[in-house]
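Here is a short report on one protein model. Keep the sequence and the 3D view side by side while reading.

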Amino acid sequence: MRFVIGFTGLQIKPFQRLCKDNKSIESHNNGLKAPMKCSTPWQDKKFGYVPHAKTERAKFLNENVLPYFYKSQWKWSENARSLTQKFHSEGRRQYDLHVQLKKLQESLSSLIRKLSEDPLKPNDLKAIIYRIEQIEHPGEKVDKCNELIRQNDEKCFTKSGKIQSGYECSHSFNEKCYSDITSLKNKIVDALSRMHNRAKSRKRRLERQEEKCKRVFKLVTLSTVTCCYGDTA
């Protein structure tokens, strides 16, 4: 029996069992050091976490991307470095789309607010057409965002339609973006519908004015002929 100064043989056995358990854990993880068991294991610099984040981007990655990305990717990653590289790539994609959609929402909300606060008159045809073009412009950007998301979401699934392991975070974010885009499109369609109705109202008004002018011109012409040549009847 081996003796250690200050410990008896019975006191050493618990420590020996603990060392044995640690070795079995490392062996089970193929030599990878298992992360500490805590409620927020992703809050570690080695995973890309930024302590005391101050910028909007860093806060977004810390709060909206890393927790979910870690959950879906950690067990499929070779090591912390591999996970961090994937996280930065996916985080950049999500943040860029988040910013684009946020700007589109703000831009569209501003346009709609202007329409409600300063309603255009039916005879302001040029202004109506200009507003229609303004509303259609965000719509084009929304379509581009939608296409980027669609292309990424296709990579999240196998040919059989099953989501690939580790891509749950990406797909979940894409689903959220689809929801935001649907909301934006509905607002755009509603705003365009109102503006087109105003344009149609203006067109009908112009047509009525044109018909009125024709009738007046006809009456004036007939009156002039009668005055000059008398009644030919």
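Q134 is partly exposed, with a relative accessible area of 23%. Here buried means under 20% relative accessible area, exposed over 50%, and partly exposed in between, with a 1.4 Å probe and protein chains only. Q134 lies in helix α4. Helices (H or I, at least four residues) and strands (E, at least two) are DSSP runs, numbered from the N terminus. The C-alpha atom of Q134 is separated by 9.8 Å from that of L192, 58 residues away along the chain.

This is a predicted model, in which local features need pLDDT of at least 70 and side-chain atom pairs count only at pLDDT 80 or more, while totals for chains, interfaces and linings use all residues. Residues are numbered from 1 along each chain as its sequence is written, and side-chain values use heavy atoms, with hydrogens and water left out.

**The core**

The largest nonpolar core holds 34 residues. Such a core is a set of buried Ala, Val, Leu, Ile, Met, Phe, Trp, Tyr and Cys residues joined through side-chain atoms within 4.5 Å. F47, L101 and I135 touch the most other members. Four helices each supply at least two residues of this core: α2 (56–73), α3 (80–117), α4 (125–155) and α5 (168–229). The top contributor is α3, with 10 residues.

What does L101 touch, leaving aside residues up to four places away in sequence? Its partners are C145, C177, D180, I181 and L184. Contact means heavy atoms within 4.5 Å.

**Aromatic pairs**

The whole structure contains six aromatic pairs. Rings of Phe, Tyr and Trp (its six-membered ring) pair if their centres lie within 6.5 Å; planes under 30 degrees apart count as stacked, over 60 as edge-to-face and the rest as tilted. Two of the pairs are set out here.

| Pair | Type | Centre to centre | Angle between planes |
|---|---|---|---|
| F47 and W74 | edge-to-face | 5.2 Å | 75° |
| F69 and F87 | tilted | 6.0 Å | 50° |

Why does the pair of F47 and W74 tie together parts that are 27 residues apart in sequence? F47 lies in the loop between α1 (9–28) and α2, and W74 in the loop between α2 and α3, so the pair bridges these parts. F47 is buried, with a relative accessible area of 1%. W74 is buried too, with a value of 18%. Ring pairs also link W42, F47, Y70 and W74 into a cluster.

The pair of F69 and F87 links distant parts of the chain, 18 residues apart. F69 sits in helix α2 and F87 in helix α3. Both F69 and F87 are buried.

**Pockets**

Rolling a probe the size of a water molecule over the atoms shows where empty space is left. The search uses a 1 Å grid over the protein atoms alone and a 1.4 Å probe; a pocket is an open set of points with protein on both sides within 12 Å along at least five of seven lines, and lining residues have an atom within 4 Å of a point. Grid points are joined across faces, edges and corners, and a volume is the space filled by probe spheres set on the points.

Helices α2, α3 and α5 each supply at least two lining residues. Of these, α5 gives the most, with six residues. The lining has six nonpolar, five polar and three charged residues. Ala, Val, Leu, Ile, Met, Phe, Trp, Tyr, Cys and Pro count as nonpolar, Asp, Glu, Lys and Arg as charged, and the others, Gly among them, as polar.

The second largest pocket has a volume of about 220 Å³. Its lining includes F69, K86, E90, R93, N152 and Y167. For this lining, α3 gives the most, with four residues.

**The loop between α1 and α2**

V50 is found in this loop, between α1 and α2. V50 is partly exposed, at 36% relative accessible area. V50 touches A58 and N62, not counting residues up to four places away in sequence. V50 and N62 are 12 residues apart in sequence and 6.8 Å apart in space, C-alpha to C-alpha.

H52 lies in the loop between α1 and α2 as well. Most residues other than glycine have a negative phi. H52 has a positive phi of about 55° although it is not a glycine. H52 is exposed, with a relative accessible area of 74%.
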